[in-house]
Amino acid sequence: MTPTPEAHTGAATLGKAADENFPVAPFFLPRAWRDDLMAVYGFARLVDDIGDGDLAPGGADARHLGLEPEQSDDRLAMLDAFETDLHRVFATTGDEPHHPLLRNLRPTVRRRTLTPEPFLGLIEANRQDQKIRRYGSYAELAAYCELSANPVGRLVLALTGTTSPERVRRSDAVCTALQIVEHLQDVAEDLKRDRIYLPAEDMERFRVTETDLAAPSAGASVRALIAYEAQRASELLNEGPPLVGSVNGRLKLLLAGFVGGGRSALTAISAAGFDVLPGPPKPTKPSLLREVGTVLRRARGER
């Protein structure tokens with residue numbers, strides 16, 4: 001059978017899971033968890049693609065959301081339409097969601113009794129990306145991560161029925177770290193989109209200019225800045241082993257994969273001499289496995 005355009009739209013988005021620093025829904029999880037995690041990932045990936053202008057050509061996503069295909073490039077209009085469709089996910093009456101990935105999300109939301117707030121935070125982060133392209137301080141960047149990254153960890157806890165105030169606190173630290181790591185990997189790509197996620201106060205401290213970030217490779221000042229931000233992310237990831245140690249069974253392996261993925265990405269950045277400008281340093285599978293093992297050993301020691 002020939003896949004429908006609707007199926008192709010969802011598959012293209014979900015297929016990007018393989019490019020993440022950590023396994024999104026690994027095979028060892030129960031099928032129901034994998035389905036729920038992929039439903040949430042589909043939402044998060046699509047909203048990021050809208051915000052980044054990375055939608056598949058042809059305007060299928062716009063049509064699903066009730067817009068004209070040529071409106072695919074109007075990111076704010078797309079985000080508004082996406083939020084309207086999200087509200088259909090949580091509504092108990094009226095139309096079902098229009099976009100296939102949101103229709104796929106609806107059973108997860110109902111089964112796990114999820115609330116709209118984390119999803120709305122991810123949409124708002126992408127709205128912010130259209131309006132704010134520089135961050136003056138680390139505090140401003142952390143506030144952005146509160147919208148762009150931390151909701152994902154909270155959703156994982158909610159999906160697995162393990163939410164608690166302490167776990168949320170540690171999860172927020174890990175998710176902020178993962179977002180910082182991704183920003184470090186993507187400095188050159190983000191600059192092409194006229195975005196800089198390195199705090200201006202840190203750039204000034206290390207005497208780094210935007211011109212320095214546009215160079216083919218990093219000079220000593222840029223490398224020092226990247227090393228500084230990498231250390232900041234590493235310290236946040238130290239909340240990971242206690243979080244992993246607080247849960248049991250397969251969830252322990254999943255969370256260790258998230259934390260280990262961040263650590264292996266930092267290892268790749270370090271191995272590149274903190275020169276992230278030629279392209280994103282990517283973690284290797286052996287490095288990921290080593291880091292996951294380290295996280296699990298530390299988790300056992302901190303229980």
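**Cavities.** I searched the whole structure, a predicted model, and found two cavities of 30 Å³ or more. A cavity here is a set of points on a 1 Å grid over the protein atoms alone, where a 1.4 Å probe fits but cannot get out. Grid points are joined across faces, edges and corners, and a volume is the space filled by probe spheres set on the points.

**Largest cavity.** I noted a volume of about 50 Å³. Lining residues have an atom within 4 Å of a point; among them here are His183, Asp190, Arg195 and Tyr197. Helix α10 (residues 187–192) gives the largest share, three residues. Helices are DSSP runs (H or I, at least four residues), numbered from the N terminus. I sorted the lining into six nonpolar, one polar and two charged residues. Nonpolar covers Ala, Val, Leu, Ile, Met, Phe, Trp, Tyr, Cys and Pro; charged covers Asp, Glu, Lys and Arg; the others, Gly among them, are polar.

**Second largest cavity.** Its volume is about 30 Å³. I listed Leu141, Ile180, His183, Leu184, Tyr197, Leu198 and Glu229 as its lining. Helix α9 (residues 165–185) gives the most, three residues.

**Leu65.** I found Leu65 in the loop between α3 (60–64) and α4 (75–90). Leu65 counts as buried because its relative accessibility is 9% (buried is under 20% relative accessible area, 1.4 Å probe, protein chains only). Beyond neighbours within four places in sequence, Leu65 is in contact (heavy atoms within 4.5 Å) with Met78, Ala81, Phe82, Asp85 and His99. Leu65 and Ala81 lie 16 residues apart in sequence, yet 5.9 Å apart C-alpha to C-alpha.

**Ground rules.** Residues are numbered from 1 along each chain as its sequence is written, and side-chain values use heavy atoms, leaving out hydrogens and water. Local features need pLDDT of at least 70, side-chain atom pairs count only at pLDDT 80 or more, and totals for chains, interfaces and linings use all residues.

Note on methods. Helix = DSSP H or I, 4+ residues; strand = E, 2+ residues; numbered from the N terminus. Buried < 20%, exposed > 50% of the residue type's maximum accessible area, 1.4 Å probe, protein only. 1 Å grid on protein atoms, 1.4 Å probe; cavity = no way out; pocket = protein on both sides within 12 Å on 5 of 7 lines; lining within 4 Å.
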